[in-house]
There are 2 protein chains.
Amino acid sequence: MYTPKVFEIESKDELFEFIEQWSFGDLVTTSEGELFVNHVPFVIDKEMNKIYGHFAIKNPQLALLEKAADLLVIFKGAYTYISPNWYVSQEMVPTWNFESVQVRGKAKLVSDGKLLTILEQLSEKHERLFENLWSLNNISESKINTMMKMIVGFEIDILTIKGKSKLSQNRSVEDRAGVISGLRAQNASMASIIADKMESGILP
Amino acid sequence: MYTPKVFEIESKDELFEFIEQWSFGDLVTTSEGELFVNHVPFVIDKEMNKIYGHFAIKNPQLALLEKAADLLVIFKGAYTYISPNWYVSQEMVPTWNFESVQVRGKAKLVSDGKLLTILEQLSEKHERLFENLWSLNNISESKINTMMKMIVGFEIDILTIKGKSKLSQNRSVEDRAGVISGLRAQNASMASIIADKMESGILP
């Protein structure tokens, strides 16, 4: 990902936090010059420097995982068009503000025991929002066994992790204030997330 | 992208419409076994079966575009966790509903004249929402010339286009109704988009 210095996310904590928040990633592999991409919910183990996911056993990318020549997982956050009309400065052109983290890594299939842990962590993470929390305890052992035969878990050892946070850091305070107003006026989810980020501590 | 038949978007019109809606894509290339991904706003020419974008001239992926061994553009739409608690059926497990379109293609750099057209189309498309429409006419010719020296336009000839629309089509009407209620109760943007799609004509 082309990332001018001013847009780089440098803090490892921030990168990991971003992955936790935007955890439905895009798993990209290349093998013998061919690309394959699937969308996968991930969990992260910060201590181990690994992310974990699972595939349907019928997913053709499964056979490519361990032997991929290269492997990236894209965690794209919010993105939004920025109109030059919002700046105080004149003679400006359109751009997009957005955030994205990309992990490069090495994949390895995991044991059934580890897969079960991944599934537990995933439901814990995503059920947290609700009143009645679903967990694997809600289904029978025979159902779990059937399910486990249809999916395979994998871990991705993180080799590099890069983040881009393009939030008008290269513009003046006045221009940034104009962008934030323009975004707020849209009353749209992505635009609001970017405006919040622009107002938060990330900017100098 | 692993796509069981029931989740396939078959209509070319629908695929193109999806790209227009989720046009801030992820451009993935592989060259000599290495992956590169950048996030790019696209415009589409349905008649020509092409999509168009542009890069900063400093973007290292620029040199890889035309000679990429493989090239994909991911247009990911909304995605949301589905809790088994929302189904009428018992013994269900978590999943994600989401939509994604992937274009495989061949890239070619375009002339400055074509680049200018791409920029015009992009601002037209994204300014449409606003009251005061910004256009390239708002800036001086010298500014346009400076800008044009810093960016390069490209076209991607679409070789294949695949879409996945995973909206609980493999569940009963009762289970789908439960999912829609669960999504609506979250009052979250992505969840609402998926609920809207589930209620729209896409489902049988």
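Helix axes are lines fitted to C-alpha atoms over the stretch in contact, and angles between them run from 0 to 180 degrees between N-to-C directions. All views below show a predicted model.

**View 1. Helices α5 and α6 of chain B pack against each other.** Helix α5(B) spans residues 173-186, and helix α6(B) spans residues 189-199. Their axes come within 8 Å and cross at roughly 150 degrees. Angles over 145 degrees count as roughly antiparallel, and α5(B) and α6(B) are therefore roughly antiparallel to each other. The crossing of α5(B) past α6(B) is left-handed. From α5(B), the contact residues include B:Val179, B:Ile180 and B:Leu183. From α6(B), they include B:Ala191, B:Ile194 and B:Met198. By class, this contact has seven nonpolar, two polar and three charged residues.

**View 2. Seven strands of chain A form an open sheet.** The order is β2-β1-β5-β6-β7-β4-β3, with antiparallel pairing. Strands β2 (34-41) and β3 (43-45) of chain A stand at the edges. Each has a single partner strand, so one side of each is left without a neighbour in the sheet. From one strand to the next, the twist averages 35 degrees.

**View 3. Strand β1 of chain A pairs with β2(A).** Strand β1(A) covers residues 24-31 and runs antiparallel to β2(A). Eight bridges join the two. A:Phe24 has A:Pro41 of β2(A) as its bridge partner.

**View 4. Chain B touches chain A.** Each chain's share is given here: 47 residues from chain B and 47 residues from chain A. On the chain B side, elements giving two or more residues include β7 (95-109), α3 (112-127) and α4 (141-150). That side has 24 nonpolar, 15 polar and eight charged residues.

Conventions. Residues numbered from 1 in each chain as written. Chains lettered and ligands numbered in written order. Predicted model: local features only at pLDDT ≥ 70, side-chain atom pairs only at ≥ 80, totals over all residues. Contact = placed C-beta atoms within 7 Å. Helix = DSSP H or I, 4+ residues; strand = E, 2+ residues; numbered from the N terminus. Nonpolar A, V, L, I, M, F, W, Y, C, P; charged D, E, K, R; others polar. Pairing = 2+ DSSP bridges. Parallel < 35°, antiparallel > 145°, perpendicular 65-115°, else oblique. Left-handed = near helix turned anticlockwise from the far one by under 90°.
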